[in-house]
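Biologist: I'm new to reading protein models, so let's go through one together. Could you show it to me?

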Amino acid sequence: MTPVVRLLLVTNAVVYALQLLADRLVPFTAWFGLDPVLVAKGAVWQLVTYAFLHGGIWHLLFNILALFMFGTSVEMALGAQAFAGLYATSAIGAGLCSLAVAWGQHTILIGASGGIFGVLMAYALLFPYRPVTLLVMFVLPVTLQARWLVAIFAWIELMLLMGSGTGRGLGQVAHLTGLLFGWVYLRGPGWVAGWREASRRRRLAKQYRFVHEGRAAHDALQAEVDGLLDKISKHGMAGLTEAERRRLYEASEELKRL
């Protein structure tokens with residue numbers, strides 16, 4: 001098991017046990033779940049802590065099973081630091097989008113699903129043709145390529161969201177935006193690299209034009225000065241008009257600056 005996946009599995013299990021115990025004494029889930037009303041009042045930590053709380057043992061088990069199944073391969077491919085960034089970006093991004101959808105509503109969102117769906121998207125992008133076998137209803141084995149599996153998950157979540165009533169479907173919003181942020185996290189660096197390369201090319205082109213134009217101006221001034229100096233060598237300073245003398249001085253000063 002890879003280190004970040006192991007840490008996330010242990011953390012989710014420990015926090016869930018703490019949640020079960022603490023909720024009997026204090027409103028633990030209400031303090032650390034994602035509540036738009038409380039976030040608006042300053043409880044910004046909920047954008048992180050909500051992803052470690054769960055609504056029941058099956059909720060927890062399905063999430064940690066998916067994290068174990070898909071997260072290990074993704075972390076091995078990306079490295080621990082990049083994988084941690086992927087998970088955090090997906091979880092927090094899903095939280096922000098859910099917060100925007102439910103702004104002003106007194107509701108609580110909990111669960112690691114935003115981060116998990118980001119990992120699923122990364123798995124589909126990194127290993128699109130890898131076969132994945134699932135047991136439908138714990139009985140029927142179905143094997144699909146990873147890309148089609150994630151596409152089906154996205155379609156199911158979208159259908160559930162479209163069929164939900166007003167004020168509902170917040171979990172589906174978190175799942176779908178988790179997928180979105182997972183995609184952006186992996187594809188975004190390519191966009192950034194492309195933007196930086198385009199910026200670098202524009203900067204070099206500007207520098208080239210500046211140098212080229214500066215060289216052309218320098219050569220023109222030098223030719224003008226050389227012409228005036230040739231006239232002096234033939235006729236002396238008396239051979240220059242007052243305007244030519246002034247121009248010789250100005251051109252010489254400009255050459256110094258260039």
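Biologist: In what order do the elements of the protein run from the N terminus on?

Modeller: They go α-α-α-α-α-α-α-β-β-α-α-α. In total that's 10 helices and 2 strands. Helices here are DSSP runs of H or I with at least four residues, strands are runs of E with at least two, and both are numbered from the N terminus. Keep in mind that this is a predicted model: local features need pLDDT of at least 70 and side-chain atom pairs count only at pLDDT 80 or more, while totals for chains, interfaces and linings use all residues. Residues are numbered from 1 along each chain as its sequence is written, and side-chain values use heavy atoms, with hydrogens and water left out.

Biologist: Why is threonine 29 called buried?

Modeller: Buried means under 20% relative accessible area, exposed means over 50%, and partly exposed is in between (1.4 Å probe, protein chains only). Threonine 29 has 14%, so it counts as buried. This residue lies in helix 2, residues 28-32.

Biologist: What does threonine 29 touch, not counting residues up to four places away in sequence?

Modeller: Gln19, Asp23, Leu53, Ile108 and Ile110. Contact means heavy atoms within 4.5 Å.

Biologist: And why is methionine 162 called exposed?

Modeller: Its relative accessible area is 61%, which is over 50%, so methionine 162 is exposed. You'll find methionine 162 in helix 8.

Biologist: Which nonpolar patch on the surface includes Met162?

Modeller: The one formed by Ile152, Trp155, Ile156, Leu158, Met159, Leu160 and Met162, with about 680 Å² of accessible area together. Nonpolar side chains (Val, Leu, Ile, Met, Phe, Trp, Tyr) are joined within 5 Å, like charges within 9 Å. The areas come from the Shrake-Rupley method with a 1.4 Å probe.

Biologist: What makes a set of residues a nonpolar core?

Modeller: They must be buried Ala, Val, Leu, Ile, Met, Phe, Trp, Tyr or Cys residues joined through side-chain atoms within 4.5 Å. The largest one here has 32 residues, and Leu67, Phe70 and Phe83 have the most contacts inside it. Helix 7 gives the largest share of this core, 8 residues. Apart from it lies another core of 12 residues, among them Ala94 and Leu99.

Biologist: How much of the protein counts as buried?

Modeller: 34% of its 258 residues.

How values were computed: Patch = residues over 30% accessible without salt bridge, like charges linked within 9 Å, V, L, I, M, F, W, Y side chains within 5 Å. Salt bridge = Lys/Arg side-chain N within 4 Å of Asp/Glu carboxyl O.
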